Every structure is written in structure tokens, then in C-alpha cells.
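Please read the following report alongside the sequence and the coordinates.

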Amino acid sequence: MRSKFVKLLLVLCVGVLAGFPLMSGVARAQVTLPATWVAPSVSAPAAEADRIAALEKQVADQATAIASAQTAGDNSWMLISAALVLLMTGPGLALFYGGLVRKKNVLSTMMQSFAMMAVITLLWAVVTYSLAFGSGNAFIGGLHNMFLRGVGLTPSAYAPTIPLQTFMIYQLMFAIITPALITGAFAERMKFSAMLVFMVLWAILVYSPMAHMVWGVGGLLNAAGGRFPCLDFAGGTVVHVTSGVSALVTALYLGKRIGYPKESMQPHSVVLSFIGACLLWVGWFGFNAGSALAAGTLATSAFVATHFGAAAAAIGWSAAEWIRNGKPTVLGGISGAVAGLVAITPASGYVTPMSALWIGLIAGAVCFFMVVKVKAWFGYDDSLDAFGVHGAGGTLGALLTGFFANSAINPIFGTGKATGLLEGNWRQVFNQAMGAAIAWALAIGGTLIILFIVDSTIGLRVGAEDEVTGLDLSQHGEDGYEWAH
């Protein structure tokens, strides 16, 4: 009996250790294989797919957030830049030019800049934006974007991270200040009505085609694929050469002011001009650095080059004046700074800081020579030296861009390819000269045609009595300084 009990106990122990072999086959099947192996084969892939989908969504959300942040940052910078460029016209240029004329013409001179802010804006919305940046041929855009048709809030080929409307409004500020620069040449002697008609026609016939050739898609001088790729980062040819040369043509066509050069026609307030020049310097950061069309490293490079060029030119002009006259003047210093800003404009997005210093120094000395010597030699009455600073400075800057452009700053022609002459691309100097020559030809021809049309219809120049009285009273019925004696 005892032996049987021991045997039974041993069998039970062995059964426990072996996984309950005494259980029936059905019971063992229910407990082991089906429940253990079928579940992983169905649920594991589904869980893995869900995990991958969640990760993919997270990556997509991050990419969208990054793109949205970049768009927001770039758009903010471009809107600020647009405001800075508008600041250059009013109050910057208005004060700069207003202080340089006699007090009887201060309001009329400032009003010419202000009028461009309104008139060119309306014209830009109707037709000139389309002519400058709409699709067309190598010389001029089409009429597809008249009345800003198709100019919405989505990005475009011109600027992939900002709305097209932001690009449009930014470029408008360039279109405003360019004709306003010309007013410095005919200050104190052109009718206000004639000025308005002249500027409207000039914006259509001169500015729009030049802007399209240099910056428009498919333009003849476009750096990215044009027949003559001209490096013009922020408007050396488009803005300064065209306005400066047109200023000279207008001054020659109108003739000298009554009493020039025998009578003293000194600036009535260098203080106003000083304030205006400082505002121009600040606004020019939006002009040049904003032309990067994004808040990136290229904007930084253009910002630095702009500041260095202006500072060096102010020193260059003042040094030349100091040597010649024995003392530097405030007017010379601020004129030199503006000359440097003009010259560095086409190069700002292509040159190193040290090259910007060289461009500024050269521009300061050359523009001083143009204003003091060349103007006296030929005897033309460029009232506020629009040609000596903008025409000469813009042309010089365009050519020097071909010398100093550096692929390390902006590999516009492709990674590893030379950009300027100092890197071995001698042809770029030729392309720069071609761009400047086309700007000169267009400005001379277009301006002469417009002057003839306006002069033949409504007349350009005020009468002798009105000129002597002053344009403030004769054209606007107001006096800028009623308290002054």
C-alpha cells in the first residue's frame, strides 16, 4: 500500500515538472499553441504600421512648421525692408533734396518726392508692375498682370518663401524712388504738371523695360540666364544709372536756372539735408539687404557691404575735399556717403566687406571729381548733382561689381564657378559694361522722347517770373517758411 502511494506521488511530481502531461490533448491545445502564436502574427504588424504612420505624421508636421517659420521670418524681413525703402523717398530724399535748394523752393522740391509715392503706386498697380515683372520677352514684360491680376498671397518664382504680393510691394518702393531721384537735376525750374506727366511716361518707357531686362524672368540682362548676365543685386543700373543719366539729359534740355552760375544758389538748410542723408543711409539697408528676398546669410552680407561702402565713401569724398579746399564740409561728407551707397548697390550681394571698402573709397573720390570738376568744365546745371552722384556712381559701381564679385559670397553662376574678374571671370566685366551701356542708351533715348512730347504739349519749364518768385508760391500757393524773413 505504501509503495503504491509513493509511486502515485512520483508520477504526480513528474507530471508537474513536465507541464501537466496528464491533461487531455484538447485541454493542452486550448492552453498552449493557438493562444500563444496566433495573436502576435496579427497584432504586431498593425502596431508597427501605426507607429510608422505616427512618426511620418510627426516629421511632416515638423517640416510644415519649419517652412511656416521660414516664410514668416522672410516675410517679416521683406515687409520691414519695403518700409525702409519707402523711408528713403519720404522723408529721406525729400529732406535731402529739400535742404539743398533755396528756401523759396523747399516745398515744391519735397512735394515732387511725395507725389511719386502716390502717383507711381497707382501706376504700378495698373500697368508698370506687369511690364516690369510679368512674363514677356527679353526686353519688356506683358500685360498679364495688369491691375495686379494673378498677384496673390502665394509664393512665386521670384521669391519662393514670401507671398507674391510682398515681392510686388517691395519692388514698388524701388519704382517710387527712382524717378524721384531725377527731380534733383531739374529742381527749381520745372512745372509741377509737367513733372507729373514726365514721370508717368518715364516709369513706363524707361524704368519698366530696364527692370524687366535685369530682374524679370527671361530678361536680356538677367544674371540667371540672360543673354548678357549682368550682376545688379539691388539696382545699380535699374535705379541709379537710368535716373542719373536721365537727370543729366533733363538738365541739359531745360537749360540753366536764371542767374546760374553767377548768382549764389547755396543750400538753404544743410541741417535738413544732413537729416535726410542719415535717413537714406538707414533706409538703404532695406534697399540692399532686402534684395536678398529672404532673411538669410546673403542679407547679412549685403547689409555689411552697404554699411562699409557708405562709410568708406564718406571718408573718400571728405579726404578729397580736405586736400583740395583745406577743410571737410558737412555737405561733402553726406554727399560722399550717398555716393558710396549708390556705388555699392549693384555689388552689395556679391562682394566681401573689404571689397566694399575699396568700392566706397573709389566712389567717394570719383563722384567728388565729377561734381566739382567735370560739372564745372561742361557748365551744365545739374541742380542737386543727381548725375554726378547717381549716374556716375551707379555706372562706376556696376563696373566694379564685375571686378570684385566673389563666388564665396554668392555663387550666382554655380558652385565652383568664378564670378568676378579677380576670380578669373574676365567676361563679367564685359557683361557689366553691356548692362551699363544699355541703361545709358535707354535713359538717353527714352528721356529725350518724353521731354519732347511733354514740352510740345503742356510745356516743361515755368515762366521767368514764376521761377524768380519761387516754385513754392507759383506752383503750390504756399510758403515753406512763412515765419522767416
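Helices here are DSSP runs of H or I with at least four residues, strands are runs of E with at least two, and both are numbered from the N terminus; the expected span of a helix is 1.5 Å times one less than its number of residues. This is a predicted model, in which local features need pLDDT of at least 70 and side-chain atom pairs count only at pLDDT 80 or more, whereas totals for chains, interfaces and linings use all residues. Residues are numbered from 1 along each chain as its sequence is written, and side-chain values use heavy atoms, with hydrogens and water left out.

H8 has a kink of about 30°, centred on Val-282, where the bend at a residue is the angle between axes fitted to the seven residues ending there and the seven starting there. Among the buried residues of H8 are Leu-272, Ala-277, Leu-280, Trp-284 and Phe-287; buried means under 20% relative accessible area, exposed over 50%, and partly exposed in between, with a 1.4 Å probe and protein chains only.

The structure holds seven salt bridges, each defined as a side-chain nitrogen of Lys or Arg within 4 Å of a carboxyl oxygen of Asp or Glu. Three of them are listed here.

| Salt bridge | N to O distance |
|---|---|
| Arg-102 and Glu-188 | 3.2 Å |
| Asp-381 and Arg-257 | 2.9 Å |
| Asp-385 and Lys-375 | 2.9 Å |

In the pair formed by Arg-102 and Glu-188, Arg-102 belongs to the loop between helix H3 (33–100) and helix H4 (106–133) and Glu-188 to the loop between helix H5 (164–182) and helix H6 (192–215), 86 residues apart. Both Arg-102 and Glu-188 are buried.

The salt bridge of Asp-381 with Arg-257 ties together parts that are 124 residues apart in sequence, because Asp-381 lies in the loop between helix H11 (353–378) and helix H12 (386–404) and Arg-257 in the loop between helix H7 (236–254) and H8. Asp-381 counts as buried at 1% relative accessibility, and Arg-257 is buried with a relative accessible area of 7%.

In the pair of Asp-385 and Lys-375, Asp-385 sits in the loop between H11 and H12 and Lys-375 in helix H11, ten residues apart. Asp-385 is buried, with a relative accessible area of 18%, and Lys-375 counts as buried at 10% relative accessibility. Salt bridges that share partners join Arg-102, Glu-188, Arg-189, Arg-257 and Asp-381 into one network.
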